Amino acid sequence: MSGNLNVCLKPLSSSITRSKLKFRHEWLTAVLWLIASAAFGQIAPLIANIPGRHDTSLNGEWRVIVDPYDVGSIDYRAHPLKNNSAFYKNHKPQSPSDLVEYDFDTSGMLSVPRDWNTQRDSLLFYEGAVWYRQLFDYSLPTGHRLFLHFGAANYLASVYLNGEELGRHEGGFTPFDFEITGRVKPAGNVLVVLVDNRRGKEKVPTDNTDWWNYGGITRPVTLVEVPETFIQDYVVQLAPGSKGHIKGSVQLNGSRLQQKVTIRIPEAKLQQAVETDATGHAEFTLTASLTLWSPENPKLYKVEIDSGADQVSEDIGFRSIQVRGQDILLNGKPVFLRGVSLHEESPLHPGRAWSTEDARVLLTWAKELGCNFVRLAHYPHSENMIRMADEMGVMVWEESPIYWTIQWENPATLQNAENQLREVVERDNNRASVIIYSVANETPVSDARNRFLRTLIQQAHGSDPTRLVSAALESHETTQEGHATIQIDDPIAGDLDIMGNNEYIGWYTHTPAYTDTTTWVSPYNKPLIMSEFGGDALFGYHGDPQTRWTEEYQANLYEHQIAMLKRIPFLRGTTPWVLKDFRSPRRTLPRFEDFFNRKGLVSDGGERKKAFFVLQKFYQELETEKANAGTATGH
Ligand code: GCU
């Protein structure tokens, strides 16, 4: 079933994606993908700024059928079902003698958005198919169009409306939508979504990860009503490296593509009208003196886009992010990224995070640590998290799940990875907080891997020149007379703006004190973010600093790590592993792990471990140094 099946049955709109006009590479990928899935047509282009639209939530309790043997989609000969025994038909017995072996109305319920694993004990380890059904009425005014938008569903989602397939989406962490104009009825609509989270070597991520494979409709489901010709997408960002030069674009979708569109930033007394071309696309530039977005002052401006028939507005921050030699420059000034890595697990309930409240609490913890930056690992987190980072002034490293041993030679795997990257760039390219796209984590060096990653790096640079590209690389160590030298010489580092590196000295290798005689070097004149370091501790388990799993061991490890990090001349950021303990199927040790990775600085119960305060002190020192030195680089 896998292999980039993002499809719908009939092409739904004439407008073409933004990539064709702006970015040849992306456009070629999109066309190739179109040809590949011509049999099934095309998923609707992503609509920007769903929160700013006329929207109706379909969140809530959905009827579900757990289907471990896919009896809802294939018969006993494994042939796809097309008749009423297919669960998406939502069929009912027409007479007492009618045999129908499924019934959503008497089946259980699950909350949406939410993973299924933490809603029922019986589903904690479940990997397979689950059918979701929601009923809704919708009176669509004439001349308006309706889209069905998903924030995300892990992993493969097949979507049906009123017994017809709309299409499929592959990838558990990015948004997708389908046009349902002409399919929706005023009353009694039956929406069925088959979600399958089975792992596979050819998938992205592949079948081996150190995080829980939460399945389900994990982010909001929304009906979005728009005029016949509407503002499908737009970018309003500072041109790379500038302080007051906005470079943007707008993309219309519908039959009246050539129109006047006005861009307004009232607070900056900015207004400009542009004419879209025959494809509904226009580019524009604006010049203004703006208060630039930064962690110290996360200034957002209300930006309005008006095409007459359609208006959208949202709060956007303006900042520039660049590298210069070994420095990272925010708004032209060197900055040190005081960060922490985190998984998308809620601090408020077991399982996946998705809500603004989840985001606010997690970012508040990070800020309590003294962070101005977070690494959202190892996949795109929810739009709520990114918008909260904009609001709270936290810079973001956003990662695509190219993790460990992906099938580098498999063209479908590459296309899938390209598609997931395209979707996250299109979702977040107006977010000031997102400063870095990461295209990989701990991937073994090989020619095929290098080719694969270079394709993604080019795509990221090509589709969004306003952000930096990185990856969490591995390095190798040589020792001489008891002194270790670690070299970051991964071949793709040359293609990146920033080198990321994961190291576990003191946990997986050596002792914490080994760092005292360790030096880091790199042939690349680039900034380094130490994207992972740390060790496990069970909250409340105490002992001497040599005893593993104790808080004292973890705190001691951090003390030594920080001393080593301070000696790395090209270090410009740190995102220790990890903010909060998180579930992992790889962690089986009773009492200490119990299917949790315990490298959190905060326990899964929200308690701060001793190491939390060691890192907090380091970040406070950096902040004070910066304030004193009047420069942002100090350490
Ligand atoms: C790896 C990996 C993480 C993992 C961590 C660990 O470096 O990137 O996903 O959880 O190490 O082993 O704890």
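Helices α7 and α8 run roughly parallel to each other, since an angle under 35 degrees counts as that and theirs is about 20°. Keep in mind that this is a predicted model.

**The α7/α8 pair**
- Helix α7 covers residues 551–565 and helix α8 covers residues 610–629, and their axes sit 7 Å apart.
- On the α7 side, the residues in touch with α8 are Glu551, Glu552, Gln554, Ala555, Tyr558, Glu559 and Ile562.
- Their partners in α8 are Lys610, Ala611, Val614, Leu615 and Phe618.
- Sorted by class, the contact of α7 with α8 comes out as seven nonpolar, four charged and one polar.

**The nonpolar cores**
- The largest nonpolar core counts 81 residues, and Val340, Val374, Ile402, Phe452, Leu456 and Trp520 have the most contacts inside it.
- Leaving aside residues up to four places away in sequence, Leu456 touches Ile402, Leu414, Ala417, Glu418, Leu421 and Val439.
- There's also a second, separate core of 31 residues, with Val112, Leu123, Leu146 and Val184 among them.

**Ile436 in its strand**
- You'll find Ile436 in strand β24, which spans residues 434–441.
- Not counting residues up to four places away in sequence, Ile436 touches Leu337, Phe373, Val396, Trp397, Glu398, Leu468, Ser470, Ile498 and Ile529.
- Ser85 is 351 residues from Ile436 in sequence, and their C-alpha atoms are 47 Å apart in space.

Technical notes:
Residues are numbered from 1 along each chain as its sequence is written. This is a predicted model: local features need pLDDT of at least 70, side-chain atom pairs count only at pLDDT 80 or more; totals for chains, interfaces and linings use all residues. Side-chain values use heavy atoms; hydrogens and water are left out. Axes are lines fitted to C-alpha atoms, for helices over the stretch in contact, and angles run from 0 to 180 degrees between N-to-C directions. Helices (H or I, at least four residues) and strands (E, at least two) are DSSP runs, numbered from the N terminus. Angles under 35 degrees count as roughly parallel, over 145 as roughly antiparallel, 65 to 115 as roughly perpendicular and the rest as oblique. Contact means heavy atoms within 4.5 Å. Ala, Val, Leu, Ile, Met, Phe, Trp, Tyr, Cys and Pro count as nonpolar, Asp, Glu, Lys and Arg as charged, and the others, Gly among them, as polar. A nonpolar core is a set of buried Ala, Val, Leu, Ile, Met, Phe, Trp, Tyr and Cys residues joined through side-chain atoms within 4.5 Å. Buried means under 20% relative accessible area, exposed over 50%, partly exposed in between (1.4 Å probe, protein chains only).
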